[in-house]
Amino acid sequence: MQQPISAKTRIGPFSGAVSPEFDDSALRTALSDLEGQLKQNGLRPSPGSSHIYTVALPFHSSSLTVFVKAFRPASLLKSLGDRPRGSAARRSWETALLFHRNGIGTPAPIAWLERWRRGRL
């Protein structure tokens with residue numbers, strides 16, 4: 001039986017969702033300060049239009065190594081288009097979830113987060 005997709009919620013300054021199998025209070029706390037986690041670990045982004053980070057986050061009584069894909073800020077026009085269809089982060093998570101559930105080789109999607117400021121992503 002498939003796990004339901006988590007409903008959109010607030011996680012610190014972000015809105016987003018955590019996959020049910022990864023929904024843990026320690027992980028949510030770490031995700032609420034994800035920018036701080038990345039800065040604290042001195043991580044540098046990879047080059048390109050989106051940045052990929054690798055960071056260890058607390059999960060249950062140990063840690064979980066996760067890949068964080070951070071998208072560049074969107075233009076106002078792109079942000080307006082993303083409102084009805086969802087952000088690139090949400091669409092990437094939903095696609096990874098579909099692949100994972102159908103046995104297509106992809107890491108288990110953990111969460112998606114987005115932050116809107118003044119109508120822009």
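Q: Which residues have the most contacts inside the largest nonpolar core?
A: A nonpolar core is a set of buried nonpolar residues joined through their side chains. In this predicted model, the largest such core has 18 residues, and Phe22, Leu27, Leu31, Leu34, Leu57 and Val66 are those with the most contacts inside it.

Q: What does Leu34 touch, leaving out residues up to four places away in sequence?
A: Leu34 touches Phe14, Leu57, Val68 and Leu113. Leu34 and Leu57 are both among the core residues with the most contacts.

Q: How is a pair of aromatic rings described, and what describes it?
A: Two quantities are used: the distance of the ring centres and the angle of the planes. A search of the whole structure finds one aromatic pair. The ring centres of Phe22 and Phe59 are 5.7 Å apart and the planes stand at 45°, so this pair is tilted.

Q: Where in the chain do Phe22 and Phe59 lie?
A: Phe22 is in the loop between β2 and α1, while Phe59 is in strand β3. The two are 37 residues apart, and the pair links distant parts of the chain.

Q: Is Phe22 buried or exposed, and is Phe59 buried or exposed?
A: Buried means a relative accessible area under 20%. Phe22 counts as buried because its relative accessibility is 13%. Phe59, with a relative accessible area of 12%, is therefore buried as well.

Q: Which residues form a nonpolar patch on the surface?
A: The patch is formed by Leu76, Leu77 and Leu80, which together have about 340 Å² of accessible area. Leu80 belongs to helix α3, residues 76-85. Its relative accessible area is 54%, so Leu80 is exposed.

Q: Where does Arg120 lie, and what does Arg120 touch beyond four places in sequence?
A: Arg120 is in the segment after β5 (111-114). Beyond its sequence neighbours, Arg120 touches Ala74, Ser75, Leu76, Ser79 and Arg115. One of these, Leu76, is also part of the nonpolar surface patch. Arg120 and Ser79 are 41 residues apart along the chain, yet their C-alpha atoms are separated by 5.3 Å.

Q: How is the accessibility of Arg120 classed?
A: Arg120 counts as partly exposed because its relative accessibility is 37%.

Note on methods
Residues are numbered from 1 along each chain as its sequence is written. This is a predicted model: local features need pLDDT of at least 70, side-chain atom pairs count only at pLDDT 80 or more; totals for chains, interfaces and linings use all residues. Side-chain values use heavy atoms; hydrogens and water are left out. Helices (H or I, at least four residues) and strands (E, at least two) are DSSP runs, numbered from the N terminus. Buried means under 20% relative accessible area, exposed over 50%, partly exposed in between (1.4 Å probe, protein chains only). Contact means heavy atoms within 4.5 Å. A nonpolar core is a set of buried Ala, Val, Leu, Ile, Met, Phe, Trp, Tyr and Cys residues joined through side-chain atoms within 4.5 Å. Patches are made of residues with over 30% relative accessible area and no salt bridge: like charges are joined within 9 Å, nonpolar side chains (Val, Leu, Ile, Met, Phe, Trp, Tyr) within 5 Å. Accessible areas come from the Shrake-Rupley method with a 1.4 Å probe; for residues, only the protein chains shown count as cover. A salt bridge is a side-chain nitrogen of Lys or Arg within 4 Å of a carboxyl oxygen of Asp or Glu. Rings of Phe, Tyr and Trp (its six-membered ring) pair if their centres lie within 6.5 Å; planes under 30 degrees apart count as stacked, over 60 as edge-to-face and the rest as tilted.
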